[in-house]
Every structure is written in C-alpha cells, then in structure tokens.
Amino acid sequence: MNKLPVAVQVYSVREDAEKDFAGTMKKIKEIGYDGVELAGLYGLSPAEIKAAIEDAGLEAVSAHVPFQELKADIEGVVSQYEEIGVKYIALPYLMEEDRPGGEKFEENVKVFGEIGKVCKAHGIQTLYHNHDFEFQKMPDGRYALDYIYDTIPADLLKTEIDTCWVNVAGEDPAAYVRKYSGRAPVVHLKDFYKEGKPGNMYQLIGTEVEEQENKGFFEFRPVGSGMQDFPSILEASLEAGAQWVVVEQDQSNGRTPMEAITMSREYLKGLGW
C-alpha cells in the first residue's frame, strides 16, 4: 500500500500547545508526524506560529477556524492563515443554533460558499469537518452533509470527513470517504468506543450543551484502540485521492495527550504508515 503523510490536530494536545507552542511542535515531529492542523493561535502572531512549525520541520497543513470567527471578518481571518501558509481552512463545528434543522442552516450554507470564495482568492481550499448532527435528513431525504456538498461547488468546498462521527452516525466511514473521491483531500482519523445510546458526547469535545439522558458509554481512544477499521479507511483515503490524514483525539482518558498521540502514530507506523 502506498501511504500519505500524517498530521495531528493540535487540539489533541491543546494544553501543551498553550504552555509551549514551539516545544510542542518539536515533540510532535519527534513522535513521527509530518504536519499539523491548527486549532487556534494561542495568543501568538501568524509569523510566530509559522516559524515554530517550520523550525520543528513540520508542515502547516490546515487550520480549524470557527465559523462565527470567519463570518465576522472573512478577509482578516483568512489573511492570517495565508501568512502561516496553510493549504486548507476547515469549518470545524456548528453551534446548536446554526445546525441542520434550525432556521439559520440554509443561510449558513450560503455563507460557507462566500468563505470558500475568499479562501480561494487567497490560495486556500475550504473544507467542511463533520460531526454526526449533519446526518440529519433534509426534507428531500438527503443527509444535511450531502446537501452542503451538493449546494456548494467542489472548487469552493471540499470534505474533511471525520471518520469517528460518520461511524457514530451509523454510516460506513470508508464508504463515505470513497463517496467523495476527488473531493476528500484531508481525512480525519479518530477512534472511539461506544456502547448503547450515550448522551452528552459533545461535552467531551469541550462544548456546552444541554444535559441529555445517558443510556450508554462513549469515549475517544488513540487510533487503533477502539472500534474503527482503519486499514479500510486508509485504503479508501488513498483511493479517494486524499493528500493528508490527520489524527485527532479530543480527550486522552487517563493518558497524557502526548502519550495518546504517540500511541496513534505508533499504530499507524505498524500499518506501514
């Protein structure tokens, strides 16, 4: 099997990055990652972020940039990430009021297209990073996630399939990556363990949501330690024309975040990646 370069989402080690961004970048390189996907700038300037990533010998692949932040100042925010040198900006998450089923959703999709146009003018490709709430059905029976991609042209919006949340939603992650062949430059590798019908999963990714009844168990795990079939996901990523795979783990569950991302990288190395 051929292989793709492997990046890590810096959100996975956010506390380390907050304390010592440059040192954290060096550790990520030592673990064996090729690049990083940013999630915030930790109070540093774009020039400082760029220098720290380059000094560590990593590539600044992409950045998760909050939708509301982009919406408030598309040009200003995109210019910052252009200075850092990222190839991709991903829309990472929608607050409850912005999601499918809400009255703002269809208007938000138009804004995704506007963001895509500005990013394209700056030489950056916009991506959409899904959770499971985009697998709500639209009135015509399509998933909201597919509606987004059907509505916005591929040159303005490509996919960042989060394989964990596709699986949680009840779909096959590898099949979903293949479905967007040619439109899937970055694929998120995330593992988990789930029993029953757990509530409150979004509290685990640091968002404040209304308390739900919990009828099961859910936790994030290092890649290769949970329920995902990564050999099939990696094969699908190659077939779909992906350029990068990105390891992400929102919570490390009893390990340090560095230990968790090391386990993920060692597992992928064991597969020849």
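I searched the whole structure for salt bridges and found 14; a salt bridge here is a side-chain nitrogen of Lys or Arg within 4 Å of a carboxyl oxygen of Asp or Glu. The model is predicted, local features need pLDDT of at least 70, side-chain atom pairs count only at pLDDT 80 or more, and totals for chains, interfaces and linings use all residues. Residues are numbered from 1 along each chain as its sequence is written, and side-chain values use heavy atoms, with hydrogens and water left out.

I looked up Lys50 and found its side chain in a salt bridge with that of Glu54, at 3.2 Å from N to O. Both residues lie in helix H3 (residues 46-55), four residues apart, about one turn of the helix. Helices (H or I, at least four residues) and strands (E, at least two) are DSSP runs, numbered from the N terminus. Lys50 is partly exposed at 30% relative accessible area, and Glu54 is partly exposed at 48%. For these labels, buried means under 20% relative accessible area, exposed means over 50%, and partly exposed is in between (1.4 Å probe, protein chains only).

I then took Lys117, which forms a salt bridge with Glu114, the closest N and O atoms being 3.4 Å apart. The two are about one helical turn apart because they are three residues apart in helix H6. Lys117 has a relative accessible area of 46% and is partly exposed; Glu114 is partly exposed at 41%.

**Entry: helix H7 and its link to H9**

I noted a salt bridge between the side chains of Lys179 and Asp146, 3.0 Å from N to O. This pair links distant parts of the chain, with Lys179 in helix H9 and Asp146 in helix H7, 33 residues apart. Lys179 is partly exposed at 47% relative accessible area, whereas Asp146 is buried at 7%.

I checked the rest of H7 (residues 144-151): six of its eight residues are buried, so the helix is largely enclosed by the rest of the structure. The buried residues are Ala144, Leu145, Asp146, Tyr147, Ile148 and Tyr149. They pack against helix H6 (105-121), strand E5 (125-129), strand E6 (158-162) and helix H9 (173-179). Contact means heavy atoms within 4.5 Å.

**Entry: a network**

I found Asp162, Lys190, Glu248 and Asp250 linked in a network of salt bridges.

**Entry: Arg265**

Arg265 sits in helix H11 (residues 257-270). Its side chain reaches the backbone oxygen of Trp273 at 2.6 Å. Leaving aside neighbours within four places in sequence, I listed the contacts of Arg265 as Val6, Ile31, Gly32, Tyr33, Asp34 and Trp273.

**Entry: Ile74**

I placed Ile74 in helix H5 (residues 74-84). Ile74 is buried, with a relative accessible area of 18%. Not counting residues up to four places away in sequence, Ile74 touches Glu114, Ile115 and Val118. Ile74 and Ile115 are 41 residues apart in sequence, and I noted 6.5 Å between their C-alpha atoms.

Conventions:
A polar contact is a pair of N or O atoms within 3.5 Å; within protein, one must be able to donate a hydrogen and the other to accept it, and residues adjacent in sequence count only if both atoms are side-chain atoms.
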